[in-house]
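These are my notebook entries from going through one chain, entry by entry.

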Amino acid sequence: MRTLRPSRFLTVLALLLSVTLLVPSAPVYAQDAAESEIRTMLESRDQQIKSILNGDTSSFSTDQREELKTLINGVIDFRAMGQVALGPFWTDLSDDQKNEFVDVFRDIVRAQSLADLEVYNSRVAYEDIKVEGDSAYVETLTEYEGTQTPVVYDLQKQDTTWVAQDIIVDGVSTAESYARSFQTVIRKRGFDALMTSLKKKRDKVTSAR
């Protein structure tokens, strides 16, 4: 089975009272704080990855590879993304089946994230951050080898941490890409067949790293 890889909200209100302009309401402060927190989180992640790469992607220690996998994938909520990927089949699974699926899914994505480390040297511009309560959408533009690609993070706040439920690369949803692949297998051959295939994939990609 081939796993697919996946690939503006600022409204200014014209207020008549100058005192209102000078003293923003609490919700505005909260939104600004959330936007700043998200930007800082993603920029820090990007800087730490680039610091390890240091312009060279040819050779890393085992510890460095594990640190890179954690930094690259730490923002992803694999359970939420996995639930989207399985769609209507998710509710049919037992808790043990769900947990096993998420674990295997996470292992595969983490291992595959090191397949082309050079892309993490890309220049990233944060175009816009939209915060609506505990949801946020971050529009970024990455430039790699002269090509610009829009990357959007669909974030959800869990306790005090922002995590990605989906990453949309050049208009293509990562979660939906997995969904097309995974759900096709389940419909044709069942969930057990999907897990057998995923475990084989995990063994292959983890042994190659």
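I looked up the accessible surface of the protein chain, which comes to about 12,200 Å², with 48% of it belonging to carbon and sulfur atoms; the areas come from the Shrake-Rupley method with a 1.4 Å probe, and for residues only the protein chains shown count as cover. I note that this is a predicted model, in which local features need pLDDT of at least 70 and side-chain atom pairs count only at pLDDT 80 or more, while totals for chains, interfaces and linings use all residues. Residues are numbered from 1 along each chain as its sequence is written, and side-chain values use heavy atoms, with hydrogens and water left out. Of the 209 residues of the protein chain, 38% count as buried, where buried means under 20% relative accessible area, exposed over 50%, and partly exposed in between (1.4 Å probe, protein chains only).

**Fold.** I find 7 helices and 5 strands in the protein chain, taken as DSSP runs numbered from the N terminus (helices H or I, at least four residues; strands E, at least two). Along the sequence the pattern reads α-α-α-α-α-β-β-β-β-β-α-α.

**Cores.** The largest nonpolar core has 38 residues, and those with the most contacts inside it are Ile38, Leu86, Phe101, Leu155, Phe182 and Leu194; such a core is a set of buried Ala, Val, Leu, Ile, Met, Phe, Trp, Tyr and Cys residues joined through side-chain atoms within 4.5 Å. Helix H5 (residues 95-112) gives the most to this core, with 6 residues. Apart from this core lies another, of 10 residues, among them Ile52, Leu68, Leu71 and Ile72. I then followed Ile38, which, leaving aside its neighbours within four places in sequence, is in contact with Ile129, Val131, Ala136, Val138, Leu155 and Trp162; contact means heavy atoms within 4.5 Å.

**Helix H7.** What span should the 17 residues of helix H7 (residues 191-207) have? At 1.5 Å a residue they should span 24 Å, and the end C-alpha atoms are 24 Å apart, which agrees; the expected span is 1.5 Å times one less than the number of residues. The buried residues of H7 are Phe191, Ala193, Leu194, Met195, Ser197, Leu198 and Val205, and what covers them includes helix H4 (78-86), H5 and helix H6 (174-189).

**Arg110.** This residue, Arg110, is found in helix H5, and I count Arg110 as buried because its relative accessibility is 18%. Leaving aside neighbours within four places in sequence, Arg110 is in contact with Glu66, Lys69, Thr70 and Asn73. The C-alpha atoms of Arg110 and Lys69 are separated by 5.6 Å, although the two residues are 41 residues apart along the chain.

Strand S1 (residues 123-132) and S2 pair in the antiparallel sense over 9 bridges, two strands being paired if DSSP finds at least two bridges between them. Glu132 has Ser135 in S2 as its bridge partner, and the hairpin of S1 and S2 leaves 2 residues between them, with Gly133 in the turn at a positive phi of about 65°.

Most residues other than glycine have a negative phi. I therefore looked up Glu145, whose phi is near 50°, in the loop between strand S2 (135-144) and strand S3 (147-158); Glu145 counts as exposed because its relative accessibility is 68%. Asp159, with phi near 60°, lies in the loop between S3 and strand S4 (161-169), and is exposed, with a relative accessible area of 76%.
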